[in-house]
Amino acid sequence: MNLGRTEFGDPANSGNTLSEAEALALLQDWVPNERLQLHMRQVGAVMKAWALEMENLPEAVAHQWWLAGVLHDADWEKFPDAHCRVIIEELERRKIDPAVIRTIASHGPAHFGVEPGTAMEKMIYVFDELSGFIHAAALIRPTRYEGMDVKSVMKKLKTASFAAQVNREEIYDAISRINTPLEEIIIFIIENQDAIV
Ligand SMILES: [Fe+2]
Ligand SMILES: [Fe+2]
């Protein structure tokens, strides 16, 4: 749904987060679907790894990247028609850092009407669909992520019938907004989400 606004949270709450245990408890509570939970934990892991390794951000900031990733679809299962308004309002009620909330609001500009601005916002948009796509590619391989190469993923992206629900246009649009080529992003995802199963 279009959120109808582009500002989220209260700047006075800057620095407030949920702990890892609190975030995972929310996930457990709101997302009974284990596949969806896995998708969210994978996006969280890739976001955190990117913050630490590519943006050289401190652990506390990388935790915010993780939090946005791990909660971005928290309301999808129970409130599909109000995705992602419900989780955003919940995090505003819990006085979470506005940067985290706006990042969640940025994970699908065509759906939510929020254009990604910061690096954290742009990267959640980049990782969301691609992460799910690469996981779908891993599931059909006997060795899963082990030995998966970027060329086979690129080929599957061009095969419309494979993981047809994944919107290729969104992937290419997200990539066009950053300075890292698609191939490098794919390699980064393969390397960083294989531990999350
Ligand atoms: Fe979503
Ligand atoms: Fe997602």
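**Figure 1. Buried residues of helix H5 in the predicted model.** The buried residues of H5 are Pro98, Ala99, Val100, Ile101, Arg102, Thr103, Ile104 and Ala105; the structure shown in this and the following figures is a predicted model. Because eight of the eight residues of H5 are buried, the helix is largely enclosed by the rest of the structure. The elements that cover these buried residues include helix H3 (59–71), helix H4 (85–93), helix H6 (109–112) and H7.

**Figure 2. The contact of helix H5 with helix H7.** Two packed helices are described by the angle between their axes and the distance between the axes. For H5 (residues 98–105) and H7, the axes come within 8 Å and cross at roughly 35°. The crossing in which H5 passes H7 is right-handed. On the H5 side, the contact is formed by Ala99, Arg102 and Thr103, which meet Met120, Glu121 and Ile124 of H7.

**Figure 3. The largest nonpolar core.** This core has 52 residues, and those that touch the most other members are Met47, Ala68, Leu71, Ile104, Phe127 and Leu130. Helix H7 (residues 119–139) supplies the largest share of the core, 10 residues. Leu71 touches Ala23, Leu26, Met40, Ile87 and Ile104, when residues up to four places away in sequence are not counted. Ile104 is also one of the buried residues of H5.

**Figure 4. The surroundings of Ala137.** Ala137 lies in helix H7. There are 21 other C-beta atoms within 10 Å of Ala137, and the residue is therefore buried. Not counting residues up to four places away in sequence, Ala137 touches Met148, Val153 and Lys156. Phe112 is 25 residues from Ala137 along the chain, and the C-alpha atoms of the two residues are separated by 27 Å.

Figure 5. Most residues other than glycine have a negative phi, and most peptide bonds are trans. The peptide bond from His83 to Cys84 is cis, with omega near 0°; Cys84 is found in the loop between H3 and H4. Lys95, in the loop between H4 and H5, has a positive phi, near 60°, and is a residue other than glycine. Lys95 counts as exposed because it has 12 C-beta neighbours inside 10 Å. A positive phi, near 45°, is also found at Ala163, again a residue other than glycine. Ala163 is located in the loop between helix H8 (150–157) and helix H9 (168–176). With 19 C-beta neighbours inside 10 Å, Ala163 counts as partly exposed.

**Figure 6. The chain as the setting of the close-up views.** The chain contains 10 helices and zero strands. Its radius of gyration is 16 Å, close to the 16 Å that the globule rule gives for 197 residues, so the chain is as compact as a globular protein of that length. Taken along the principal axes, the box filled by the C-alpha atoms is roughly 45 × 35 × 30 Å. Of the 197 residues, 42% count as buried. Among contacts between residues at least 6 apart in sequence, 68% join residues at least 24 apart.

Notes. Residues numbered from 1 in each chain as written. Chains lettered and ligands numbered in written order. Predicted model: local features only at pLDDT ≥ 70, side-chain atom pairs only at ≥ 80, totals over all residues. Core = buried A, V, L, I, M, F, W, Y, C linked by C-beta atoms within 7 Å. Buried ≥ 20, exposed ≤ 12 C-beta atoms within 10 Å, placed from the backbone. Helix = DSSP H or I, 4+ residues; strand = E, 2+ residues; numbered from the N terminus. Contact = placed C-beta atoms within 7 Å. Axes fitted to C-alpha atoms, helices over the stretch in contact; angles between N-to-C directions. Left-handed = near helix turned anticlockwise from the far one by under 90°. Rg over C-alpha atoms; globule rule 2.2 N^0.38 Å.
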